[in-house]
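Please look at the sequence and the structure first.

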Amino acid sequence: MLGATTAPVAHEGLTDAEVLRQRARFGFNEVAEVHEREIVRLGRKFVGLVPGILEVTLAIELGLGRWIDATLIAALLLFNALLSFFQEGHSQRAVALLKERLPLLVRVARDGRWVQRPARELVPLDRIELHQGDRVPADGRVVGGDGLRIDQSVVTGESLAVDVEIGGTVLAGTTVVHGAATVEVAATGPHTTFGRTTEIIQSAAAPGRLEMLVVGLVRYLMYFDVALLAIALGYAALAGLSWAEIVPFALIMLVLAIPVALPATFTLANAIEAVTLADEGVLVTGLAAVQEAATMTTIVMDKTGTLTENRLAVADLDPEPGRSADELLRWALTSSDPATQDPIDLAIAARASADAVPPLDVVRRVPFDPALKRSEAVVRTLEGAEIRVLLGAPETLATEAGTAIPGLRPRIELLASRGDRVLGVAVGPPQRLAFLGLLGLRDTLRPSSAPVIAGLQRAGIRVVMATGDTVATARTIGRQLGLRGEVAARESLPGAAAGSEILAGVLPEDKFEIVRTLQSAGEVVGMTGDGVNDAPAIRQADVGIAMPNATDVAKSSARIVLTRPGIEGIAAAVRSGRRVYRRLETYTLVKTTKVLEFVTLLSIGLVVSGDLASTPTLMIFLVFANDFVTMSLASDRATGSTGPNRWNVRALVGVSAVLGVVWLALSFSVFLVPLWILGVPLSAVQTLVFVTLVYSAQATVYLVRTGGSLWSDRPGRYVAASTIGVVAGVTMLALFGIGMSAAPAEILAVIGAAVVGLTLLLDPLKRRLLRVLSGADPGPGARPPAAPPDPAP
């Protein structure tokens, strides 16, 4: 039972009445979670431009009693909604994990007794006890204790534990690695550093670039479609056509103008590549991140735990004249105690083990004292004399040894400029200490960091390192990683992030603003990190990436989680993203080209001939045949570009318009020549038009899927199988008159030959058009063979 075990306390603590008053003011010490019912989340999938148009069309079709058309439209609507329904919820999971990090019980002073209480019941001005291994439950101020050392890496991202003296601050979520203390609670729940991080995570959101693409594309198509529809409706009114006939025609024209399968195709293409990435140690938790990686122009990398191993190592040994590095290391090991799991002690022990330095017999050890800035060990010699061994701040030890060390300050600054935490070692009898030299401890760079950064730079991505280090240290580490340019100090942030690859003195709260500033400048931003402090920036980034050793909160905020040490997975994600981009660009080109052709044929054909070139049912069949079969492009063979991709809707529509005009000439010929010259019945002509549109749509796939000649790169087997299936299926339906009037095999063969011939004639024109679309980016134009195409599944 809580509170059953109590002990006297020197400080009286808060009374129950005071606790209630504080709680009424500040609330419980917990992170408020934002829940959304699943049914509400699903309902949001049916709100928006694309689903809205489909829903209006569905309602009218139902009102007219056109059950087959209504069923097909409902299937389109449900498919898009359900496919994206399961790709949300990262913010809620991150918040839940933040709450779980709060410890269950704490020792708190209440009414003059130490009692155990749930952490959520803490209020400001409470006094709590912290011991080695405890998780700090709230922000607070140290009011008593000795030798408190706190691991703040999950909050600040810095690998070195910090010593907190009386009057110092401790943060919720950090861990006590040494010592004990009494802490007065200063902030709880949402008012803590943890709580503020949570609020940022909830508000952070990457720009919806996929949504912007869909809306931009639909806008262009709708302008064109509405203009032609107005012409067609005007003609229908003057010609006295039946509204029962013209209303379904108008609705189908609207449906044709919407790339209804585009979101589903994006999701499928990203999901297929995500499976491949999983084998390369990259877990994709937000599918859109795969395609976003293709357009990424800048990636901000947190230094600690991302570019480095978040593990201290002895990097430099600088012994005094007449002393050896082995001697310096042996005495440093003597003053260390690896059993405490202190990062400094573990680093010294690891280096000593690697150098086979024998340890000395230690009589006793005195833990690190923040006030004295040193730890101490006492060693007894064979003669029984005691020798003191001190490890700590070099200038403090030099003063205690009573010796002026020439050039000590420049030596310390030199090691510090390399990114070292510098410690000194002094040894000797109590009254005759001798300064032995300096140790430089450093959070070592991962071996893969520099090569991966070089690869990203060659791929056209600007790499930015964000670190809390000083300018000098940041510059040294940046140069080791191959980063260029001047270092931007914190005073110039976040604006300087746009022009510098090395950001120094960065605080946790700065990273979020750095990402937003870069995004506002038009950059597509990636962000890597591993700590709680990185989570808001990871969440805000277009491509948020968490490292394998990241906290649960950082992983839940990310859309890509690396599962293997190092950052090689980032390069793999970029390569995959660019392959996905190429496939999706092919799909979008095909869809836009055919939409422009379809709506022009239907509207202008009506005005010119007075007849409909197709029936609404055949048009919906056409949507299924073209949109959902060409979804096989999601698994097509593809070679990514050599630089970041960028969606250009205006250029894309322009290229599609040129191709669409050429195909339109063929489809108009198939419609008008049999109808006017050969006297073929309208129903039979509609069959021929339907077959022509299907054949030419499949030909367009092969025309635009590669920047070279259409036979220069064989398609994936799923794409080839889909084309064979569609062409064969539509041909059989037309031959046997299933769902349409029958058509002679000879006529179908002529249409097929015409489509093939026109495709060959369009191939040279296509190459020029795609070079215009790609611009500076090789994109789908003539690419250098930097990498062989990936084998199709």
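How many aromatic pairs does a search of the whole structure find? The search finds 1 aromatic pair. Its members are Y581 and W647. Keep in mind that this is a predicted model.

A pair of aromatic rings is described by the distance of the centres and the angle of the planes. For Y581 and W647, the centres are 4.7 Å apart and the planes are at 50°.

Where do the two residues sit? Y581 belongs to helix α22, residues 568-609. W647 lies in the loop between α23 (616-628) and α24 (649-677). The pair therefore ties together parts that are 66 residues apart in sequence. Y581 and W647 are both buried.

| Charged residue | Ring | Distance to ring centre |
|---|---|---|
| R120 | F28 | 3.9 Å |
| R717 | Y718 | 5.6 Å |

R120 lies over the face of F28. In the other case, the charged end of R717 sits over the ring of Y718.

Now the whole protein. It has 793 residues, and 55% of them count as buried. Its secondary structure comprises 27 helices and 22 strands. Consider contacts between residues at least 6 apart in sequence: 72% of these join residues at least 24 apart. The protein exposes about 31700 Å². Carbon and sulfur atoms supply 61% of that area.

Terms used
Residues are numbered from 1 along each chain as its sequence is written. This is a predicted model: local features need pLDDT of at least 70, side-chain atom pairs count only at pLDDT 80 or more; totals for chains, interfaces and linings use all residues. Side-chain values use heavy atoms; hydrogens and water are left out. Rings of Phe, Tyr and Trp (its six-membered ring) pair if their centres lie within 6.5 Å; planes under 30 degrees apart count as stacked, over 60 as edge-to-face and the rest as tilted. Helices (H or I, at least four residues) and strands (E, at least two) are DSSP runs, numbered from the N terminus. Buried means under 20% relative accessible area, exposed over 50%, partly exposed in between (1.4 Å probe, protein chains only). A charge sits over a ring if NZ of Lys or CZ of Arg is within 6 Å of the ring centre and within 35 degrees of the ring normal. Contact means heavy atoms within 4.5 Å. Accessible areas come from the Shrake-Rupley method with a 1.4 Å probe; for residues, only the protein chains shown count as cover.
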